[in-house]
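Please walk through the packing of helices and strands in the structure shown below.

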Amino acid sequence: MLLTVSTTHQPATDLGYLLHKHPDRVQHFEQSFGTATVFYPEASSTRCTVALVLDVDPVRLARSRGKGSPDFSLAQYVNDRPYAASSLLAVALAKVFSTARSGRGGSRQELADRPIPLEVTIPVLPCRGGPPIAHRLFEPLGWTVEALPIPLDEGFPEWGSSRYVRLRLTGEVRLAEMLNHLHVLLPVLDESKHYWQGPDEVDKLMRSGAGWLPNHPEKELIARRYLGRAGALKRVALARLAELGDDDVEMVDPVEDEEVRLPEQNRLPLNAQRYAAVIQVLIETGAHSVIDLGCGSGQFLDRLVKSGAFTRVAGSDVSARSLQYAAGRLRLEQMNERQADRIHLFHGALTYEDDRFAGFDAAVLMEVIEHVDPSRLEAVERVVWGAARPGLVVVTTPNSEYNVLYEGLVGMRHPDHRFEWTRSEFAEWSEHVATAYGYTVQRRGVGEVDQTLGAPTQMAVFTRQEGRDE
Ligand code: SAH
């Protein structure tokens, strides 16, 4: 990705002072998604040009890729980000030239404070809405706009234009203002999701738009498109917090809010979809008593109790603190004796045989196995499938293939995860456990399904084979 800025203000090399980057140097700046390089292809007293080249790291980028993108299923393998100027460039631009963007001109303050002749070129810019939108966004700010559609394939003119334009802006504009225009408007043109740095997007927009956005005739379009991505950020943040499936979720009220506002199944946070999917399995199989192994802070237990479908519910966890939370959530203290008889919480480790795990129609291990060291997983299998032996065991765990769809996710979904499995790894493990302990197993996905990568959560339903017990 390439962006150049030229000036014919004289002496033109003052551009180096204004940008706080020396014209004789090539400088590299590491970004979370790649490397930004700044250099000056020309630096004479009559004309000076600075170039910002963003070299995107495809692996880091794949992880920061949003799932709303039209070409999504292939997007992690084939995408335009390394080549097309975009919101990533806007982020890099703001970081690399942060001092200049704030209007500080150092020894050239007087120059920083006034408009100078500038020419901005972006050879390949994703532009949703085509050239007209580029005109609508930049012209009211004093720019002369040249936006040339780039053909989809020069060899086949009949295929028409791509969604990219070659953009050239010329005008007399303050340097800081130019940087702020680009910082806000490049992502607005692109409208492709990506990883933003923080949750304070509205504040940032107000800061970057100070002095020009309030009077812009397209300010609503700009704010809508710009903050559209903040909504995406919020959803991603919530989805990831929901992934944690533990106490952290409680600190994020909107998880509950969204459930109320967005009743459709596929819009629920992932953890809520998991609760619903597992309860459905339990009900379908006619389980009356259920134990939630690794119940954490008791969110799922709470649903089990509230569903009214189960006569006896138990929860167990290795974390005493989580159990305290669970007890508070379930209001165990306030329960009358009859209610309290139906529910039991206890401290226990899944790696050690424990009689208290036995005697239930069904056991649930929701987002638990991936917290167990691979070397200890066999012990858990012996304890649950070998010793406790409920008629039904439901296991959920992340589908690691889906991780590339979480913007900004690097590594696993939770710092405590010891592993995350692909669908075939989970299939292999679950078949092995079923065969070893006399169960049949079926697998399905939970959450919004991606055609290529599957669902975010994978679930295995183990049914004890007839005749093996009882
Ligand atoms: N099932 C809950 C919590 C998942 S987080 C939910 O889906 O929301 C994983 C939980 O497993 C944590 O509460 C952790 O304390 C518990 N855990 C991890 N290893 C365990 C072990 N060996 N025995 C019992 N619980 C364990």
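Axes here are lines fitted to C-alpha atoms, for helices over the stretch in contact, and angles run from 0 to 180 degrees between N-to-C directions; helices (H or I, at least four residues) and strands (E, at least two) are DSSP runs numbered from the N terminus. This is a predicted model, in which local features need pLDDT of at least 70 and side-chain atom pairs count only at pLDDT 80 or more, while totals for chains, interfaces and linings use all residues. Residues are numbered from 1 along each chain as its sequence is written, and side-chain values use heavy atoms, with hydrogens and water left out.

The axes of helix 4 (residues 87-96) and helix 8 (residues 175-190) come within 8 Å and cross at roughly 160°, so the two helices are roughly antiparallel to each other (a term for angles over 145 degrees). In contact, meaning heavy atoms within 4.5 Å, Ser87, Leu89, Ala90, Val91, Leu93 and Ala94 of helix 4 meet Leu179, Leu182, His183, Leu186, Pro187 and Asp190 of helix 8.

Elsewhere, seven strands form an open sheet of mixed pairing in the order 10-9-8-11-12-14-13, where two strands pair if DSSP finds at least two bridges between them. Strand 10 (343-347) and strand 13 (439-446) stand at the edges with a single partner strand each, so one side of each is left without a neighbour in the sheet. From one strand to the next, the twist averages 15°.

Within this sheet, strand 8 (residues 289-293) and strand 9 (residues 312-317) run parallel and are joined by five bridges. Helix 13 (residues 299-307) packs on the sheet, touching strand 8, strand 9, strand 10 and strand 11 (362-366), and its direction makes about 175° with that of strand 9.

Technical notes. Angles under 35 degrees count as roughly parallel, over 145 as roughly antiparallel, 65 to 115 as roughly perpendicular and the rest as oblique.
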